[in-house]
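Student: I have a new structure open and would like to go through it with you. Could we look at it together?

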Amino acid sequence: MVNKFKTRYTNLESPIANMFAITPNDSADLPFITRAIYVGGDGDIKLTTLGNETVTMTGVKGGVIYPIRVKRVFDSDTSATDLLGMY
């Protein structure tokens, strides 16, 4: 398959190129810092941002992509489901 954009510079405004399933964990960071998180099922997400702030996003809706740079998603206090990290 030909990738016509292979030589183009990728930045934060470029389309998402990769995704991974997020397994919430209270003691381990994600394998990659996200550019966004896809939420499959409604709930709350406790996370640590790239800027080292730990917050709980309450009432997030399923089927939505949230453009947030995240390095950890906690198991405790996270009830949203089917999370995907996008980078």
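**Salt bridges and strands**

Tutor: Let us start with Arg-72, which is buried, with a relative accessible area of 18%, because anything under 20% is counted that way. Please keep in mind throughout that this is a predicted model.

Student: Which residue does Arg-72 meet in a salt bridge?

Tutor: The side chain of Arg-72 meets that of Asp-29 in a salt bridge, with N to O at 2.9 Å. Because Arg-72 lies in strand 6 (residues 70–73) while Asp-29 lies in the loop between strand 1 (19–21) and strand 2 (36–39), this pair ties together parts that are 43 residues apart in sequence.

Student: And Asp-29, what is its relative accessible area?

Tutor: Asp-29 has a relative accessible area of 42%, so Asp-29 is partly exposed, whereas Arg-72 is buried.

Student: How many salt bridges does the structure hold?

Tutor: The structure holds two salt bridges.

Student: What holds strands of a sheet together in general?

Tutor: Strands of a sheet pair through backbone hydrogen bonds, and they can do so in a parallel or an antiparallel way. In this model, strand 3 and strand 6 pair in the antiparallel sense over three bridges, and Leu-47 stands opposite Val-73 in strand 6.

Student: Let me pick a residue in strand 3: is Thr-48 buried or exposed?

Tutor: Thr-48, which lies in strand 3 (residues 43–49), counts as buried because its relative accessibility is 8%. Its side chain makes a polar contact with the side chain of Thr-54 at 2.9 Å.

Student: Changing topic, where is Thr-34 found?

Tutor: Thr-34 is found in the loop between strand 1 and strand 2, and Thr-34 counts as buried because its relative accessibility is 0%. A polar atom of the Thr-34 side chain lies 3.0 Å from the backbone nitrogen of Val-70. Setting aside neighbours within four places in sequence, the residues in contact with Thr-34 include Phe-20, Ile-68, Gly-85 and Met-86.

Student: Gly-85 again makes me curious: which residue has Gly-85 as its bridge partner in strand 7?

Tutor: That residue is Ile-37, and three bridges join strand 2 to strand 7, the two running antiparallel.

Student: What about strand 2 and strand 5, how many bridges are there?

Tutor: Strand 2 pairs with strand 5 (residues 64–66) over three bridges, in the antiparallel sense, and Tyr-38 stands opposite Ile-65 in strand 5.

Note on methods. Residues are numbered from 1 along each chain as its sequence is written. This is a predicted model: local features need pLDDT of at least 70, side-chain atom pairs count only at pLDDT 80 or more; totals for chains, interfaces and linings use all residues. Side-chain values use heavy atoms; hydrogens and water are left out. Helices (H or I, at least four residues) and strands (E, at least two) are DSSP runs, numbered from the N terminus. Buried means under 20% relative accessible area, exposed over 50%, partly exposed in between (1.4 Å probe, protein chains only). A polar contact is a pair of N or O atoms within 3.5 Å; within protein, one must be able to donate a hydrogen and the other to accept it, and residues adjacent in sequence count only if both atoms are side-chain atoms. A salt bridge is a side-chain nitrogen of Lys or Arg within 4 Å of a carboxyl oxygen of Asp or Glu. Contact means heavy atoms within 4.5 Å. Two strands pair if DSSP finds at least two bridges between them.
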